[in-house]
Amino acid sequence: MMIEYLKPTPSINSDDINVLEFARKNSGSSPDPVKQVISLYYAVRDKIRYDPYTIEMTPEGLSASKTLATGRGWCVPKAILLAASCRAIGVPARLGFADVRNHLSTKRMREIMKTDVFFWHGYTSIYLNNIWLKATPAFNTELCKRFRINSLDFDGKNDSLYHPYDLDGKKHMEYIRHRGEFADVPIDLMKETFQREYVFSPSWNMSDFDSEAEN
């Protein structure tokens, strides 16, 4: 069963030359796989900019190699890149999903989505020391500082999940439904939910986010 969490897929393309190189360069010098995964987590978290406004719901558009090429991505492609990087170094990894309510979502985001619920939020589930751990590399440090939210750390021993409150004690993230963990991206299920719950076709421009983030 564990082999399916090590194999490349069209989206989790851990056999792509650029993904392999990213994993090699960012896994550190330690022979300890836990330390290697921790190093990869921070590389994905901070070297790939969080971008919730450019969504391409295709295997290629969500792929780890595409995220590396653009240098940005929303939570799902960032989780995919981390999963692909783990598989590239021989560590089993899969994708986890949950619906979350973002109490601090921006005005522009709420206007576009007509809700503060983010369906199919993605994280990476990584197998270390005989247990599955949840790791969420979505928000880069720069964004966290700008919006005064806690950055998420990962120690290879405990789950790394969104904080319920920001640095000022205001409600931030609320997990309202867990959707399970998958060996590959459940694109069809995600599309079905998005079409039902959202009133837009997810095709956004990052320049809008840049303007919103500066306000």
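**Pocket, helices and a strand residue**

In this predicted model, helix H3 supplies three residues to the lining of the second largest pocket, the largest share of it.

User: Which residues lie nearest the centre of the second largest pocket?
Analyst: The pocket in question holds about 200 Å³ of space. Its lining counts 14 residues. Those that sit nearest the centre are Thr54, Gly61, Lys66, Thr70 and Arg72.

User: Which elements give two or more residues to the lining of that second largest pocket?
Analyst: Among the 14 lining residues, three come from H3. The elements that reach two or more are helix H3 (64-70) and strand E2 (72-73).

User: And by class, how many charged residues does the lining of the second largest pocket have?
Analyst: Nonpolar residues number five, and polar ones number five too. What's left of the lining is charged, and that count is four.

User: Moving on to H7: why do its buried residues sit on the same side?
Analyst: The buried ones in helix H7 (residues 187-197) are Ile187, Met190, Thr193 and Phe194. They end up on the same side of H7 because, around the axis, they cover an arc of only 130 degrees. As background, an α-helix has 3.6 residues a turn, so residues three or four places apart point the same way. The value to keep for H7 is that arc, 130 degrees.

User: Which residues are exposed on the other side of H7, and what do the buried ones pack against?
Analyst: The exposed pair on the other side is Asp188 and Gln195. The buried residues of H7 pack against helix H4 (75-88) and strands E3 (93-102), E4 (117-128) and E6 (173-182).

User: How many residues of H4 are buried?
Analyst: H4 has 14 residues and spans 20 Å from its first C-alpha to its last, close to the 20 Å expected at 1.5 Å a residue. Just after H4, Gly90 takes a positive phi of about 90 degrees. H4 itself is mostly covered, and its buried count is 13 of 14.

User: Is Met173 buried or exposed?
Analyst: Met173 is part of strand E6. Its relative accessibility is 7%, and the cut-off for buried is under 20%. So Met173 counts as buried.

User: How far apart in space are Met173 and Asn102, C-alpha to C-alpha?
Analyst: Leaving out residues up to four places away in sequence, Met173 touches Val100, Arg101, Asn102, Phe139, Tyr162, His163 and Pro164. In sequence, Met173 and Asn102 are 71 residues apart. In space, their C-alpha to C-alpha distance is 4.8 Å.

Key
Residues are numbered from 1 along each chain as its sequence is written. This is a predicted model: local features need pLDDT of at least 70, side-chain atom pairs count only at pLDDT 80 or more; totals for chains, interfaces and linings use all residues. Side-chain values use heavy atoms; hydrogens and water are left out. Buried means under 20% relative accessible area, exposed over 50%, partly exposed in between (1.4 Å probe, protein chains only). Helices (H or I, at least four residues) and strands (E, at least two) are DSSP runs, numbered from the N terminus. The arc is that of the directions from the helix axis to the C-beta atoms. Contact means heavy atoms within 4.5 Å. On a 1 Å grid over the protein atoms alone, a cavity is a set of points where a 1.4 Å probe fits but cannot get out, and a pocket is an open set with protein on both sides within 12 Å along at least five of seven lines; lining residues have an atom within 4 Å of a point. Grid points are joined across faces, edges and corners, and a volume is the space filled by probe spheres set on the points. Ala, Val, Leu, Ile, Met, Phe, Trp, Tyr, Cys and Pro count as nonpolar, Asp, Glu, Lys and Arg as charged, and the others, Gly among them, as polar. The expected span of a helix is 1.5 Å times one less than its number of residues.
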